[in-house]
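Thanks for making the time this morning.

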Amino acid sequence: MAKPKSMTTEESAANEGATEALMPEPLTAPQIEDLKTRAAKADDNWERLLRTTADFENFKKRATREREDAIKYANESLIKKMVSVLDNFEMALAAGQNPAGAPQSLQAGVAMIHQQLRNLLLESGVEEVDATGKTFDPNWHEAVSQQESADVPEGQVLQQLRKGYKLRDRLIRAASVIVARNPAA
């Protein structure tokens, strides 16, 4: 077993100086007051952080709720406009039940309702996709069949069977069409 090394006088003095360096000096009254002020400020900042965090969480919940409501009731204004069209249809049906009502007035009423509905859709950004006489475009048209035609060039829409509709620039329903092809030789 090795014999412990004894300290020299110089090492002993250096060791005592290191111990004294670890011992903090007592705080003065102004330093204590400064620490108290800083602690109070830290407590105030902590409370502010907690309130801000709670406010932010409440904001997120409110924003989510408002977004869900906006999605849920997005069509409200369109539906309000459509209700008046429905009212007019009901009046037309009632007029059709009356034997004294002339067929011409019933036909005129239905035509007015048709125009009202078209205007409502147009105001909402819905437009017809008119395919008649145009070159077949698979992005806007749905080819139901092909028909031989000497009058119309191949690839041209010969007849539109059902109108297509788009909402601004997005296709809602493609137009159903018959496409012309060259007659067989």
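Predicted model: local features only at pLDDT ≥ 70, side-chain atom pairs only at ≥ 80, totals over all residues.

**Helices, strands and salt bridges**

K81 forms a salt bridge with E123, in which the closest N and O atoms are 3.6 Å apart. Because K81 lies in helix α3 and E123 in helix α4, the pair ties together parts that are 42 residues apart in sequence. E123, for its part, is exposed, with a relative accessible area of 58%.

How do the axes of these two helices, α3 and α4, run relative to each other? The axes of α3, residues 76-97, and α4, residues 103-123, come within 10 Å and cross at roughly 170°, and the two helices are therefore roughly antiparallel. Among the residues making the contact are L78, V85 and F89 of α3, together with V110, I113 and L117 of α4; by class, the contact has 10 nonpolar, four polar and two charged residues.

Of its 185 residues, 12% count as buried.

The structure holds nine salt bridges, and one of them joins the side chains of R181 and E148 at 3.9 Å, N to O. That pair links distant parts of the chain, since R181 sits in strand β6 and E148 in strand β2, 33 residues apart. Finally, salt bridges that share partners join R118, E128 and K163 into one network.

Methods. Residues numbered from 1 in each chain as written. Heavy atoms only, no water. Buried < 20%, exposed > 50% of the residue type's maximum accessible area, 1.4 Å probe, protein only. Axes fitted to C-alpha atoms, helices over the stretch in contact; angles between N-to-C directions. Helix = DSSP H or I, 4+ residues; strand = E, 2+ residues; numbered from the N terminus. Parallel < 35°, antiparallel > 145°, perpendicular 65-115°, else oblique. Contact = heavy atoms within 4.5 Å. Nonpolar A, V, L, I, M, F, W, Y, C, P; charged D, E, K, R; others polar. Salt bridge = Lys/Arg side-chain N within 4 Å of Asp/Glu carboxyl O.
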